[in-house]
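Here is a short report for a reader new to this model. Keep the sequence and the 3D view open while reading.

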Amino acid sequence: MARWHGRYALQDVFPVLFSEIVNKHHSVLEMGRWEQLRWQWNVVEDEIALSQVAREELLELKQLLVGVEPKLSGEDSWVWSLNGTGTFKVKDYYNLLMRNPAGGLMEQRKIEALDVVWNSWLPSKVRIFGWRLIKDGLPTREQLVKRGIIAGNEDSFCVFGCQCQENINHLFLSCQVAVGVWEKIYLWLELDIHPLVECSEDLLQMIDILHRVRSPRRVGAIWLTVCWSIWRHRNDIVFNNGVCNIAEIIYNVKMYSWWWLAIGNKCKVTCNFYEWNQCPLLYL
Ligand SMILES: [Zn+2]
């Protein structure tokens, strides 16, 4: 079923044949045998039982496999197949991740948001958090219900007690706690806007408004630090019986964003925390 010959899995190239054969889960080595040092394919046990279409596909498959055989000697080894060199490159994997499980491209806006997240001036753990956020891969309560880890109904309600399903758009944007945090952050950044209802769009809105004068890497870092701080606060409530405190979230946003942007060697935000707290736009 895996991709081992050509660019596509053979089950996708010959779907009718695949649906009719019984040995679907055999390894390549189980699909033939060595006879006097020559490899003989034996893909189908009983060709007579196949439909006409499947037999035609089988004929094509046999032609495709002419000259293809397992190696009789030598060790098996892993080969990176995403480029022509066989050598692992992060960029290849990044491009692969940009595709959704169905193999199609992700929506353009999500790709743009992921680009911002990936290139922001933040520690890798926070960028990975952002990556999961944009791809809706964080273990919110709604996700845990979908995966059957917790029961539905009230168990999936927001931990801040507002009787709504806890999903990423609620938790980071429309929840009463998130709205309270963003209000103060917008004031701090001197922005006259409101949170949108979808995370990628909200991130890009902030970039669009500020990018002419500020680096998207830094603006993206602030947006992501807000979500990171809300998520940590939420986890503190879930796992440590913490108490909801919007002022503490806002302080953490300012503190962490200053720490990461000022300490990051490449970023060179040069101010002390007092200056940052007073007017971040002067240093972004
Ligand atoms: Zn809520």
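## Overview

This is a predicted model; local features need pLDDT of at least 70, side-chain atom pairs count only at pLDDT 80 or more, and totals for chains, interfaces and linings use all residues. Residues are numbered from 1 along each chain as its sequence is written.

The protein chain has 13 helices and two strands. Helices (H or I, at least four residues) and strands (E, at least two) are DSSP runs, numbered from the N terminus. The chain has 284 residues, and 26% of them count as buried. A residue is buried if 20 or more other C-beta atoms lie within 10 Å of its own, exposed if 12 or fewer, and partly exposed in between, with C-beta atoms placed from the backbone.

Contacts reach along the chain. Two residues are in contact if their C-beta atoms, placed from the backbone, lie within 7 Å. Take the contacts between residues at least 6 apart in sequence: 50% of these join residues at least 24 apart.

## How the helices pack

Two packed helices are described by the angle between their axes and the distance between the axes. Here, axes are lines fitted to C-alpha atoms, for helices over the stretch in contact, and angles run from 0 to 180 degrees between N-to-C directions. Angles under 35 degrees count as roughly parallel, over 145 as roughly antiparallel, 65 to 115 as roughly perpendicular and the rest as oblique.

| Helix pair | Axes come within | Crossing angle |
|---|---|---|
| H5 and H6 | 9 Å | roughly 170° |
| H6 and H11 | 10 Å | roughly 85° |

H5 and H6 are therefore roughly antiparallel. On the H5 side, Lys110, Ala113, Leu114, Val117 and Trp118 meet Arg127, Gly130, Trp131 and Ile134 of H6. The residues of this contact divide into six nonpolar, one polar and two charged. Ala, Val, Leu, Ile, Met, Phe, Trp, Tyr, Cys and Pro count as nonpolar, Asp, Glu, Lys and Arg as charged, and the others, Gly among them, as polar.

H6 (residues 124–134) also packs on H11 (residues 216–240). H6 and H11 are therefore roughly perpendicular to each other. Val126, Phe129, Gly130 and Leu133 of H6 meet Leu224, Cys227, Trp228 and Trp231 of H11. This contact has seven nonpolar residues, one polar and no charged.

Helix H10 covers residues 199–210. Its twelve residues reach 17 Å from first C-alpha to last, close to the 16 Å expected at 1.5 Å a residue. The expected span is 1.5 Å times one less than the number of residues. Which residues of H10 are buried? They are Cys199, Ser200, Asp202, Leu203, Leu204, Met206 and Leu210. These buried residues pack against H5 (108–119), H6, H8 (168–174) and H11.

## The nonpolar core

A nonpolar core is a set of buried Ala, Val, Leu, Ile, Met, Phe, Trp, Tyr and Cys residues joined through C-beta atoms within 7 Å. The largest one has 45 residues. Phe172, Ala178, Val181, Trp223, Val226, Cys227 and Ile230 touch the most other members. H5, H6, H8, H9 (176–188), H10, H11 and H12 (246–263) each give two or more residues to this core. H11 gives the most, with nine residues.

Ile230 touches Leu171, Phe172, Ala178, Val181 and Ile249, not counting residues up to four places away in sequence. A second, separate core of six residues includes Leu10, Leu17, Ile21 and Ala54.

## Single residues

His233 sits in helix H11. Is His233 buried or exposed? His233 counts as buried because 22 C-beta neighbours lie inside 10 Å. Leaving aside neighbours within four places in sequence, His233 is in contact with Glu248 and Ile249. His233 and Asn245 are twelve residues apart in sequence and 8.3 Å apart in space, C-alpha to C-alpha.

The loop between H6 and H7 (141–146) holds Asp136. Phi of Asp136 is near 55°, a positive value in a residue other than glycine. With 15 C-beta neighbours inside 10 Å, Asp136 counts as partly exposed.

Gln163 lies in the loop between H7 and H8. Its phi is near 60°, also positive in a residue other than glycine. Gln163 is exposed, with 7 other C-beta atoms within 10 Å.
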